[in-house]
Amino acid sequence: MSADEVRLNPTSLRGLAHPLRVRILNTLREHGPATATLLAERLNQSTGATSYHLRQLAQYGFVVEEPGRGAGRERWWRAAHRNTRLDSEVGRDALPDVETYLRSVAALYAERVDRWLNELTNLPAEWEGTSTLSNWQLRLTPEEAREFSDALTALIGRYRRDEPGVTAPEDAEPFVVQAQLLPFVRRNHHRRPEDDRPTEDGRAPESAD
């Protein structure tokens, strides 16, 4: 785990498991420090709402004040970490908060895709063919799924140039990779694919569950 990465536990997860807090934290990571007023404008929220949730994020250590910036009494805030990590072990101890957090992240991803689609017609010609909106159906064992996830993470790591002090080519532009590995486990995982085929009279076989 990177020193600039926060690993969630049941307590800290409780402080982040809110749709607006996830959006605020993502905005600070993507665009840099901001005030509650600037965040309210960007997220179409009231300043009271962004101020409250900033204080909650600060209480749990997700954001910190940016000292010596701006004039007046309004405080500037920045993200305390560049990445958030949710380990599978946390799910067993905080299932409701895990679901709230993941649904908030999924909504953020959907919003980002919608923004990309709105900007697609203005994409410069040299960037055509550089994106994809695809999905593939796979059949993996648990071991293969972990191997696939590790390989994908390693591949993305080869192109990470958004870390402080890391240089990038002059013509490089910001890219977002949204990785979604979604196992849909059958209730009776010992059933074979042929067990789900219809019988001769057209009915699906009855489950033993």
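Reader: Which hand does the crossing of H2 and H6 have?

Author: A crossing is left-handed if the near helix is turned anticlockwise from the far one by less than a right angle, and right-handed if clockwise; in this predicted model, the crossing of H2 and H6 is right-handed. Helices (H or I, at least four residues) and strands (E, at least two) are DSSP runs, numbered from the N terminus. Residues are numbered from 1 along each chain as its sequence is written, this being a predicted model in which local features need pLDDT of at least 70 and side-chain atom pairs count only at pLDDT 80 or more, while totals for chains, interfaces and linings use all residues. Side-chain values use heavy atoms, with hydrogens and water left out.

Reader: At what angle do the axes of H2 and H6 cross, and what is that orientation called?

Author: Axes are lines fitted to C-alpha atoms, for helices over the stretch in contact, and angles run from 0 to 180 degrees between N-to-C directions. Helix H2 (residues 19-31) and helix H6 (residues 95-119) have axes that come within 9 Å and cross at roughly 50°. Angles under 35 degrees count as roughly parallel, over 145 as roughly antiparallel, 65 to 115 as roughly perpendicular and the rest as oblique, and H2 and H6 are therefore oblique to each other.

Reader: Which residues of H2 and H6 meet?

Author: Contact means heavy atoms within 4.5 Å. From H2, Pro19, Val22, Arg23, Asn26 and Glu30 meet Tyr101, Ser104, Val105, Leu108, Glu111, Arg112 and Arg115 of H6. Sorted by class, this contact has five nonpolar, two polar and five charged residues, where Ala, Val, Leu, Ile, Met, Phe, Trp, Tyr, Cys and Pro count as nonpolar, Asp, Glu, Lys and Arg as charged, and the others, Gly among them, as polar.

Reader: How is H2 placed against H3?

Author: H2 packs with helix H3 (residues 36-43) at an angle of about 105°, their axes being 11 Å apart, which makes H2 roughly perpendicular to H3. On the H2 side, Leu20, Arg23, Ile24, Thr27, Leu28 and His31 meet Leu39, Arg42 and Leu43 in H3, and by class the contact has five nonpolar, two polar and two charged residues.

Reader: Is Leu20 buried or exposed?

Author: Buried means under 20% relative accessible area, exposed over 50%, and partly exposed in between (1.4 Å probe, protein chains only). Leu20, whose place is in helix H2, has a relative accessible area of 7% and is therefore buried. Leaving aside neighbours within four places in sequence, Leu20 is in contact with Leu43, Gln45, Ala49 and His53. The C-alpha atoms of Leu20 and Gln45 are separated by 9.1 Å, although these residues lie 25 apart along the chain.

Reader: Where does Asn44 lie, and why does Asn44 count as exposed?

Author: Asn44 lies in the loop between H3 and H4, and it counts as exposed because its relative accessibility is 71%. Its phi is near 55°, a positive value in a residue other than glycine.

Reader: Where does pLDDT stay under 50?

Author: The term pLDDT is the predictor's confidence in each residue, from 0 to 100. The protein has a mean pLDDT of 87, and 87% of its residues reach 70 or more, but over residues 204-209 pLDDT stays under 50, and there the model has 12 contacts beyond four places in sequence. Where pLDDT is low, the predicted coordinates should not be read in detail.
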